[in-house]
Amino acid sequence: MPRAMRPPLPAELAVVIPCYNEAANVAPLVAALDSALVGIAWEAVFVDDDSPDGTAAEARRLAAADPRIRAIRRVGRRGLASACIEGMLATSAPFIAVIDGDLQHDEAALPAMLAAVRAGADIAIGSRHVEGGAVGEGLSAIRARVSGLGGWAARLLLPVPVSDPMSGFFLLRREVIEAAAPRLTGRGFKILLDILLSSRRVPKVAEIPYVFRARTAGESKLDALVLLDFAGLLLDKWFGGLLPLRFIGFALVGAVGVLVHLAVLSMAVRTLDFAAAQWVATLVAMTANFWLNNSLTYRSVRLRGRALWRGLVLFYLVCGLGAVANVGISSMLLQEGRAGWPLAGAAGALLTGVWNYAVSSTLVWRA
Ligand code: GDD
Ligand code: MN
């Protein structure tokens, strides 16, 4: 009986494949899964963020002849981690794997990963850093360095030893992701790390070696902003999710703003009187903060075009009011003798920070 006529079996393993502009890799990946997963009832869930190269259409073309292939096309959203979460939550299979859509991960490791989870592990991780695994040709020297550094930072936070926490190649029981889902940040690239840091109890981890392959078609989507996002994820988990991630970003940008302010001030006082120099420094620092917040903190709701100018003016007003409140509150505390100048100053600055953040989030960026 031809494949398309076979009654579809309920899948026991769902393979979730996040992809963006990977049209040329879809058919080769399906063929690779087909030969690696002999004897396992599997389904493939492609999660595409409306790639301009027609990745989703390519998956649907194959799905027309093969009921094991499914495609989720997300419109108006981008993000590797959130795509993985959505794919994992869209299947009823008892076991779920996540694998890159660019053939860099070795699908031949999947049966061993499945066996490890069947044997009792909560999560089996495809690792490049255990005996038999390697980074191979997959990463440039500099990326390997950055990845190593990120892995080191991540291991400080992890409840279990994991040799390759930066891996995006893993397999788990469905209950594991169902339980962790409400606590996932869904940000950035590092979905595995997010899951490991979000499970209530210490997860049982198995590591299966694989060799990271070089990409042959398409290109990597990792950039400097993705790395910053990763730092944000670690900070969020470090603070136990108590502080909103955006607030941490806003505060970090604020700290950079203080440095900008001091640098400009130190130059401007050479030619201007102090008050004028302060004005110049304040304006430059506010503009720098606006730009940084717009491209980092509020990246997903970034303002462009006319909205950008409107936002900038609003941001000046919000921060200006914040500054007036800062001076007012700290002077009041000082005069009433409730605090010495350091505490009064800090209280004023903290309140101003919270005010700036709250109003920026609702009025300037509507996050
Ligand atoms: N849906 C969706 N949305 N998929 C995305 C997005 C997105 O915004 N960004 C990237 N992807 C897909 C890519 O199409 C690819 O299939 C996979 O996610 C990995 O993206 P790459 O751009 O190829 O990442 P990489 O090779 O630099 O990073 C890989 O190596 C890291 C370890 O060094 C990934 O596997 C990471 O998960 C892994 O940690
Ligand atoms: Mn890749």
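**View 1. The segment 247–268 as a helical span.** Over residues 247–268 the chain is 100% helix and 0% strand, with the end C-alpha atoms 31 Å apart; here helices (H or I, at least four residues) and strands (E, at least two) are DSSP runs, numbered from the N terminus. The model is predicted, so that local features need pLDDT of at least 70 and side-chain atom pairs count only at pLDDT 80 or more, while totals for chains, interfaces and linings use all residues. Residues are numbered from 1 along each chain as its sequence is written, and chains are lettered from A and ligands numbered from 1 in the order in which they are written. An unreviewed UniProt entry places the feature "transmembrane region" at residues 247–268, 313–334 and 340–359; such annotations may be inferred rather than shown by experiment. Residues 340–359 are 95% helix and 0% strand, and the end C-alpha atoms of this span lie 29 Å apart.

**View 2. Strand E1 and its two partners.** E1 and E2 run parallel and are joined by 7 bridges, and Ile17 stands opposite Phe46 in E2. E1 also runs parallel to strand E4 (residues 95–98), to which 4 bridges join it, and Val16 stands opposite Val98 in E4.

View 3. In E2, 7 of its 7 residues are buried (20 or more other C-beta atoms within 10 Å of a residue's own, C-beta atoms being placed from the backbone). Trp42, Ala44, Phe46 and Asp48 lie on one side, and Glu43, Val45 and Val47 on the other.

**View 4. The shell around ligand 1.** Ligand 1 is surrounded by 24 residues, the closest being Pro18, Ala83, Gly101, Gly168 and Lys221 (C-beta atom, placed from the backbone, within 6 Å). Strand E1 (13–19), strand E2 (42–48) and helix H3 (80–88) are the elements that give two or more residues to this shell. The shell divides into 10 nonpolar, 7 polar and 7 charged residues, with Asp, Glu, Lys and Arg counted as charged, Ala, Val, Leu, Ile, Met, Phe, Trp, Tyr, Cys and Pro as nonpolar, and the others, Gly among them, as polar.

Note on methods:
Two strands pair if DSSP finds at least two bridges between them. A residue is buried if 20 or more other C-beta atoms lie within 10 Å of its own, exposed if 12 or fewer, and partly exposed in between; C-beta atoms are placed from the backbone.
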